[in-house]
There are 2 protein chains.
Amino acid sequence: MGTDIQETFRALADPTRRDILNMLSHEDMTIAQVAGHFDMTRAAVKKHLNVLEQGQLITVRTSGRERINRFHPEGFKPVFDWLGYFDGFWDDRLSALKNAIETKDTSDD
Amino acid sequence: MGTDIQETFRALADPTRRDILNMLSHEDMTIAQVAGHFDMTRAAVKKHLNVLEQGQLITVRTSGRERINRFHPEGFKPVFDWLGYFDGFWDDRLSALKNAIETKDTSDD
DNA sequence: TTAAATAGATACCAAAAGGTATCATGTCAA
DNA sequence: TTGACATGATACCTTTTGGTATCTATTTAA
């Protein structure tokens with residue numbers, strides 16, 4: 001568990017889910033709020049949110065009857081780690097980025 | 001055409017294809033050579049290579065009856081560009097990486 | 001308390017994805 | 001030229017994926 005890179009890559013492979021990530025990076029949103037931006041049912045959006053949660057790209061907290069989805073940038077770490085295998089192709093400047101991610105990871109909420 | 005980000009993310013979403021990319025980052029390989037590393041048919045490997053080519057993550061050249069697959073790191077550019085939307089979350093150190101990619105892009109072979 | 005709002009859970013469906021098997025084509029080498 | 005080899009192209013199958021519809025549960029507010 002934890003850093004299942006496959007789940008993260010899978011989560012990123014859908015355009016709707018990438019759009020959702022962009023939206024959530026600006027503000028936390030409930031399922032209904034996210035669904036309001038798409039021409040699809042709330043159930044379909046919920047499925048996408050489930051996939052994003054499995055990929056650890058969002059976290060979810062419950063507030064009353066609402067389910068609030070929050071962007072979780074630390075979830076990108078396995079992706080950057082994987083990209084790191086190709087260091088030789090883009091020098092080693094990738095490590096700076098990886099450090100940036102890892103530093104961010106120390107914050108909690 | 002050109003930089004279809006969806007095709008690139010799609011190509012990265014499969015573990016076999018990510019393995020293939022790692023292999024090709026070390027040396028160019030024919031279809032048969034790639035297939036030799038997996039417990040699946042040559043046709044299946046060929047499909048994966050097609051997806052990687054559509055995602056612009058590899059290039060293909062023909063030499064006689066052989067089809068030689070080459071890692072194409074520039075294909076990652078749309079991915080890094082997309083990640084750039086989240087600059088605010090990991091400072092702006094991502095731009096260093098993007099510059100690295102773009103610089104590499106000027107090389108030919 | 002009761003009605004409306006938010007969300008969860010299933011069942012179901014069509015299309016895409018990952019894979020195999022098979023046959024056709026082009027190429028190297030004796 | 002002829003046979004073996006590397007690949008291309010289809011057809012087909014199964015599972016996963018993205019989506020809808022429907023029903024249930026919980027929570028808020030009048």
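A: Accessible areas here come from the Shrake-Rupley method with a 1.4 Å probe. The model discussed below is predicted.

Q: What does the accessible surface of chain A come to?

A: The accessible surface of chain A comes to about 5,700 Å². Carbon and sulfur atoms hold 46% of that area.

Q: How many of the residues of chain A count as buried?

A: Buried means under 20% relative accessible area. Chain A has 109 residues, and 46% of them count as buried.

Q: Which pattern does chain A follow along the sequence?

A: Chain A contains six helices and three strands. Read along the sequence, their order is α-α-β-α-α-β-β-α-α. Contacts can also be sorted by sequence separation. In chain A, among contacts with a separation of 6 or more, 50% are between residues 24 or more positions apart.

Q: How is the length of one helix read, for example α2 of chain B?

A: The span from the first C-alpha to the last is set against the span expected at 1.5 Å a residue. Helix α2 of chain B covers residues 15-26, which makes 12 residues. Its reach is 17 Å, close to the expected 16 Å.

Q: Which residue caps the N-terminal end of α2(B)?

A: B:Asp14 does this. One of its side-chain oxygens lies 2.8 Å from the backbone nitrogen of B:Thr16.

Q: Why is α2(B) described as largely enclosed by the rest of the structure?

A: Nine of the 12 residues of α2(B) are buried, so the rest of the structure largely encloses this helix. Among the buried residues are B:Thr16, B:Ile20, B:Leu21, B:Met23 and B:Leu24. The list also includes B:Arg17 and B:Arg18.

Q: Is B:Thr30 buried or exposed?

A: B:Thr30 counts as buried because its relative accessibility is 12%. This residue belongs to strand β1 of chain B, residues 29-30. Leaving aside residues up to four places away in sequence, B:Thr30 touches B:Glu66, B:Arg67, B:Ile68 and B:Asn69.

Q: Which residues are linked with A:Asp28 in a network of salt bridges?

A: A:Arg61 and A:Arg70 are linked with A:Asp28 in that network. A:Asp28 counts as partly exposed, at 26% relative accessibility. A:Arg70 is also partly exposed, with a relative accessible area of 28%.

Q: With which residue does A:Glu53 form a salt bridge?

A: A:Glu53 pairs with A:Arg67, and their closest N and O atoms are 3.2 Å apart. A:Glu53 is in helix α4 of chain A and A:Arg67 is in strand β3, so this pair ties together parts 14 residues apart in sequence. A:Glu53 is partly exposed at 32%, and A:Arg67 is partly exposed at 25%.

Q: With which residue does B:Glu53 form a salt bridge?

A: The partner of B:Glu53 is B:Arg67, with closest N and O atoms 3.2 Å apart. The pair links helix α4 of chain B, residues 42-54, to strand β3, residues 66-71. B:Glu53 counts as partly exposed at 32% relative accessibility, and B:Arg67 counts as partly exposed at 25%.

Note on methods: Residues numbered from 1 in each chain as written. Chains lettered and ligands numbered in written order. Predicted model: local features only at pLDDT ≥ 70, side-chain atom pairs only at ≥ 80, totals over all residues. Heavy atoms only, no water. Helix = DSSP H or I, 4+ residues; strand = E, 2+ residues; numbered from the N terminus. Expected span 1.5 Å × (residues − 1). Buried < 20%, exposed > 50% of the residue type's maximum accessible area, 1.4 Å probe, protein only. Polar contact = N/O pair within 3.5 Å; in protein donor to acceptor, adjacent residues only side chain to side chain. Contact = heavy atoms within 4.5 Å. Salt bridge = Lys/Arg side-chain N within 4 Å of Asp/Glu carboxyl O.
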